[in-house]
Amino acid sequence: KKATRVTLLDLRGVGAFADFFVICTGTNIRQVQAIADGVEERLKPSGTRPAHVEGYDRAEWVLLDYFDFIVHVFTPDTREFYSLDRLWGTATRTEM
């Protein structure tokens, strides 16, 4: 779905509530929703469904909680404002 700035944060060593964060950016609200929909569609055949989805209607920040990993899909301004990349600065980071 052409997400940009895709980053994987390994939180296992920093005492977080999930093992991994996947953080990515969509250029606008429709693309953010399309990315979130795409993540759900790709994981659904394996029986993996989010325990909780938050922010889908406003789509400035959509959170898909899969317990072990959480997918964050942001608009560019919202990603800069919340700066999860910097907040979890001690986590191992992989740029995709």
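# Notebook: a predicted model, looked up piece by piece

**Entry 1, the fold.** I counted three helices and six strands in the protein. The model I am reading is a predicted one. Going along the sequence, I wrote down the order of elements as β-β-α-β-β-β-α-α-β.

I asked what radius of gyration the protein has and what a compact globule would have. A compact globule of 96 residues would come out near 12 Å, and the protein has 13 Å, so the two agree. The C-alpha atoms fill a box of roughly 35 × 35 × 20 Å along the principal axes. I noted that buried residues make up 36% of the 96 residues. I also looked at contacts between residues at least 6 apart in sequence, and 52% of these join residues at least 24 apart.

I found T25 in strand β2, which covers residues 20-25. Is T25 buried or exposed? T25 has a relative accessible area of 4%, and the cut-off for buried is under 20%, so T25 is buried. I then listed what T25 is in contact with, leaving aside neighbours within four places in sequence: A3, T4, R5, I35, F74, T75, P76 and R79. With one of these, R79, the side chain of T25 makes a polar contact of 2.9 Å.

D85 sits in helix α3, residues 84-87. The relative accessibility of D85 is 15%, and because buried means under 20%, D85 counts as buried.

Is R49 buried or exposed? The relative accessible area of R49 is 56%, and exposed means over 50%, so R49 is exposed. Apart from neighbours within four places in sequence, R49 is in contact with K44 and Y66. I also looked up the distance from R49 to F67: they are 18 residues apart in sequence, and their C-alpha atoms are 10.0 Å apart in space.

I gave the largest pocket a volume of about 160 Å³ in my notes. Which residues line the largest pocket? They are E54, G55, R58, A59, E60, W61, L63, T78 and Y82. I sorted the lining by type and got four nonpolar, two polar and three charged residues. Strand β4 (61-65) and helix α2 (76-82) each supply at least two residues of this lining.

T78 is in helix α2. At 11% relative accessibility, T78 counts as buried, because the cut-off is under 20%.

Conventions:
Residues numbered from 1 in each chain as written. Predicted model: local features only at pLDDT ≥ 70, side-chain atom pairs only at ≥ 80, totals over all residues. Heavy atoms only, no water. 1 Å grid on protein atoms, 1.4 Å probe; cavity = no way out; pocket = protein on both sides within 12 Å on 5 of 7 lines; lining within 4 Å. Points joined across faces, edges and corners; volume = space filled by probe spheres on them. Helix = DSSP H or I, 4+ residues; strand = E, 2+ residues; numbered from the N terminus. Nonpolar A, V, L, I, M, F, W, Y, C, P; charged D, E, K, R; others polar. Buried < 20%, exposed > 50% of the residue type's maximum accessible area, 1.4 Å probe, protein only. Polar contact = N/O pair within 3.5 Å; in protein donor to acceptor, adjacent residues only side chain to side chain. Contact = heavy atoms within 4.5 Å. Rg over C-alpha atoms; globule rule 2.2 N^0.38 Å.
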